[in-house]
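Thanks, everyone, for making the time this morning. I would like to take you through one model, beginning with a single residue and then widening the view.

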Amino acid sequence: MSLAWFARRLLLMVYTVIVVSMLVFAITQILPADAAQSLLGENATPEMLAALRAKLGLGAPAWQQYLHWAGRVFTGDFGISMRTSQPVGPEMLSALSRSLLLAASSILVTLVVAVPLGVVAALRQGRLADTGVSLIAYLGVSLPEFVTATLLALLLADTLHWLPATGYVSPLEHFGDGISHLALPVLTISVILIAHVMRMMRSETLDVLKSDYIRAARLKGLPERTVLFRHALRNALLPVVTIIALDVGYLLGGIIVIEEIFAIPGIGRALMVAITTRDLPSIQAGALIMAATYAVTNTLADMAYAVLDPRIRYD
């Protein structure tokens with residue numbers, strides 16, 4: 001029965017990606033840009049434009065164009081960039097890898113910091129620790145990301161000279177430089193995410209600690225550490241899994257400001273460049289890759305939720 005649940009989730013993910021591919025193709029079809037004109041330039045003759053449109057199948061019905069494009073996409077061929085005349089797929093996937101590294105690092109820092117602080121705030125409700133955690137959370141939620149990025153860059157890069165202000169170096173090429181260049185953007189994003197996750201973790205831990213099964217566990221004489229880590233924490237983490245999954249969508253598409261400020265060539269920045277230059281193949285590839293990554297992440301979050309709470313699989 002649980003295998004059937006997981007199979008349904010996988011099928012739903014595939015269905016979502018297919019629907020998104022249709023929407024992406026339809027939206028790019030109505031953009032005011034001529035693919036043939038963009039490829040050949042302003043000096044192209046009508047004969048050259050007609051020949052290229054025939055070669056690209058631009059005169060075919062939209063549904064045939066979609067099937068041709070989708071067939072190539074699902075074999076890994078995203079077409080040729082109108083801006084660089086290079087294959088779009090490797091460029092977008094490389095940009096995605098940088099965004100995913102930034103996102104994964106930020107989520108790791110968030111979990112390491114926010115979950116313990118949220119639990120401590122719940123256990124010390126109304127005390128100094130709870131007040132301090134709540135203050136940090138409110139500050140993180142209130143400050144816009146570009147303000148946080150600017151303040152951290154001024155303090156840690158310009159004033160203290162601890163970290164580089166901008167640029168990107170792959171940790172695979174040089175681990176130390178890669179980590180130092182990632183530190184500021186990761187810290188900026190983590191400030192925002194920590195505020196959300198910490199507040200959620202505090203609220204859920206308080207609710208769980210007031211539940212009947214926690215009272216029953218305490219009445220059985222179980223140590224408080226066992227009650228907290230074996231019974232309370234697992235259930236309090238369930239909503240956090242959902243929050244993290246939703247944050248992935250923000251991290252992939254909503255951190256274009258962070259990528260611009262710190263000059264990180266991620267997929268959000270690449271998609272903005274493609275939109276600015278009306279590079280249709282890059283727009284299609286970037287939007288579809290981001291949507292597919294978000295769908296996969298949400299499916300994995302649902303599966304993690306089901307592992308933490310088996311009742312979900314039988315709903």
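Let me begin with Thr188, which in this predicted model has a relative accessibility of 0% and therefore counts as buried, the cut-off for that class being under 20%. Thr188 sits in helix α8, which covers residues 175–209. If we set aside residues up to four places away in sequence, the side of the chain that Thr188 touches is represented by Glu145, Thr148, Ala149 and Leu152, together with Ile258 and Phe262.

On the α8 side the contact is made by Met201, Glu204, Thr205, Val208 and Leu209, and on the α10 side by Ala232, Leu233, Asn235 and Ala236.

Now to the chain as a whole. The protein chain holds 14 helices and 0 strands, and of its 315 residues, 39% count as buried. Among contacts between residues at least 6 apart in sequence, 72% join residues at least 24 apart. Finally, the accessible surface of the protein chain comes to about 16,900 Å², and carbon and sulfur atoms account for 67% of that area.

Methods:
Residues are numbered from 1 along each chain as its sequence is written. This is a predicted model: local features need pLDDT of at least 70, side-chain atom pairs count only at pLDDT 80 or more; totals for chains, interfaces and linings use all residues. Side-chain values use heavy atoms; hydrogens and water are left out. Helices (H or I, at least four residues) and strands (E, at least two) are DSSP runs, numbered from the N terminus. Buried means under 20% relative accessible area, exposed over 50%, partly exposed in between (1.4 Å probe, protein chains only). Contact means heavy atoms within 4.5 Å. Accessible areas come from the Shrake-Rupley method with a 1.4 Å probe; for residues, only the protein chains shown count as cover.
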